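Reader: I have a new model open on my screen and would like to learn how to read it. Could you walk me through it, feature by feature?

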Amino acid sequence: MPEKQDTRKVTPRSQDFAEWYNDIVQRAELADYSPVRGCMVFRPDGFAIWEAIQAELDRRIKRTGARNAYFPVLIPMSFLKKEAKHVEGFAPEVAVVTHGGGKELEEPLVVRPTSETIINHMFAQWIHSHRELPMMLNQWCNVLRWEMRTRLFLRTAEFLWQEGHTAHATREEAERETLTMLEVYRGFVEEYLAIPLIVGKKSAAERFPGAEETYTIEALMGDGRALQCGTSHFLGQNFAKAFEIKFLDESNQLRFAWQTSWGVSTRLLGAVVMVHGDDQGLRLPPLVAGTQVVVVPIYRKPEEEAAVMASARSIAEALQAADLRVQLDSREGLTPGFKFNDWEMRGVPLRIELGPRDIASGELVFARRDLKGAEAKSKAAISEVTVRAKTVLGQIQKSLFDQAKAALASQIREFDSYSALRKQLEGEGGGGFALVYWCGEPACETKIREETRATCRAIPIGQSGAGGKCIVCGKSAADRAYFAKAY
Ligand SMILES: [Zn+2]
């Protein structure tokens, strides 16, 4: 029973986006703050979304040929130091275990910030011949990067993710794998989370420490800021050389392996909230919603209760039998209006309302979470409820993607003057994506970052335009790049 209902108003999204986000995450009971600073607690409604993400993404990852494994959370400190850029990138944010069982350890252990080092150490023991390649592993786990500021899902010290690690015989094969996984992520996030993306490679400054190339999927949040939603790295032979991953090729030559790594994290939950949510609460894409349909029985008089409840129960059972994730709201002592608000807050895509008059007429009311006002409501015959529910859930999935796509399109702007770019990105708040020619020089990138706080989010792949002039220095630039302020 909801004995402790929180009746505070949610901060309007337009008034204070950060406060709105915190309100929604907590009021929808997705997550909460932990007693340990920097960490967070996943509540069942939040974890259910992660489980839905895991189930589908795991299927898609396995379809590419990768298999799941599990490596330890503790990594010898010396491993981290083997790849120079990697240690430089991660050393400032690792947690180190120096004592165990009351004694100081001979060698300190690092709590994994990512697992390249330990996995590549094992790869070196397992890979000897080209016949063992490609080796493609994935693990679902937690990682820890010391972080004292908490933004639930977006920035926490400990977070959950999957990390894939592969080794290949040739450069071409590893490069292909990097792009294959980028496409797996793009497809998953767009089709499943209904979040449209910008796809491309990172600038050198934004690359993963130790990678030769990093590819990214980037989404636009409701406040006009970008969020990196997943990355796929071409590691070249950097780690293979550091960890001596060598194999005999077909002509018996000893060669270093070519490698990739790729991951997405529980940040995706933050993206779902920030892309789709509104002032009434969450709006969950049906494919990822823990509860896809809620059935709310409505009656005023006690003598109506038995018939309405029986009908509501049989409808909920029929929906469940059709493989939909359903809840029957049989809570007593709450008004229908209160229940509607509650399910809207939790983002349930489809609400079915059912009263004595509906039962008499053989119809019930569908209320869609993705639409507002009269548009959101329609009637459906009770006899066709499962077919209609499935159809409408499909429409909601598409409509949320279309709404987000329109929002993204309206926030992509092209600039050819630096002062116009600066004006757009100055000040608090987002500013959307700016698509500009950039010569590729770090100095120009740094100037944009320092003066507007926007970073290079992605350089689209395979641009075949005529090129243009760098927006900062005016020198010739082959490619355009997306800049935005980011989480
Ligand atoms: Zn330039």
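Reader: Which domains does the assignment give for the protein chain?

Author: Domain bounds come from an automatic or database domain assignment. Here the assignment gives domain 1 (17-276), domain 2 (286-408) and domain 3 (412-484). The C-alpha centres of domain 2 and domain 3 lie 46 Å apart. A word on the ground rules: this is a predicted model, where local features need pLDDT of at least 70 and side-chain atom pairs count only at pLDDT 80 or more, while totals for chains, interfaces and linings use all residues. Residues are numbered from 1 along each chain as its sequence is written, and side-chain values use heavy atoms, with hydrogens and water left out.

Reader: Thanks! Which residues are the protein donors of the zinc ion?

Author: Donors are N, O and S atoms within 2.8 Å of the metal (3.2 Å for Na, K and Ca); water is not among the atoms, so sites may look incomplete. In this model the SG atoms of Cys439, Cys444, Cys470 and Cys473 lie 2.3 to 2.4 Å from the zinc ion. Along the chain, the donors follow the spacing C-x4-C-x25-C-x2-C.

Reader: Why is the arrangement around the zinc ion tetrahedral?

Author: Four donors count as tetrahedral if all angles lie between 85 and 135 degrees. The 4 donor atoms here subtend angles of 105 to 116 degrees, so the arrangement is tetrahedral.

Reader: Is Cys444 buried or exposed?

Author: Buried means under 20% relative accessible area, exposed over 50%, and partly exposed in between (1.4 Å probe, protein chains only). Cys444 counts as buried because its relative accessibility is 7%, whereas Cys439, at 23%, counts as partly exposed.

Reader: Now the sheet: in what order do the 5 strands run?

Author: Strands (E, at least two residues) and helices (H or I, at least four) are DSSP runs, numbered from the N terminus. Two strands pair if DSSP finds at least two bridges between them. This open sheet has the order E16-E15-E17-E18-E19, with mixed pairing. Strand E16 (326-328) and strand E19 (377-381) stand at the edges with a single partner strand each, so one side of each has no neighbour in the sheet. Inside the sheet, strand E15 (residues 293-297) and strand E17 (residues 350-354) pair in the parallel sense over 5 bridges; Val293 has Leu350 in E17 as its bridge partner.

Reader: And what does Ala124 contact, leaving aside its neighbours within four places in sequence?

Author: Contact means heavy atoms within 4.5 Å. Ala124 lies in helix H5 (residues 116-126), and beyond those neighbours Ala124 is in contact with Phe243, Glu244 and Ile245. Ala124 and Phe243 are 119 residues apart in sequence, yet 6.5 Å apart in space, C-alpha to C-alpha.

Technical notes:
Tetrahedral: all angles 85-135°; square planar, octahedral: opposite > 155°, others 65-115°.
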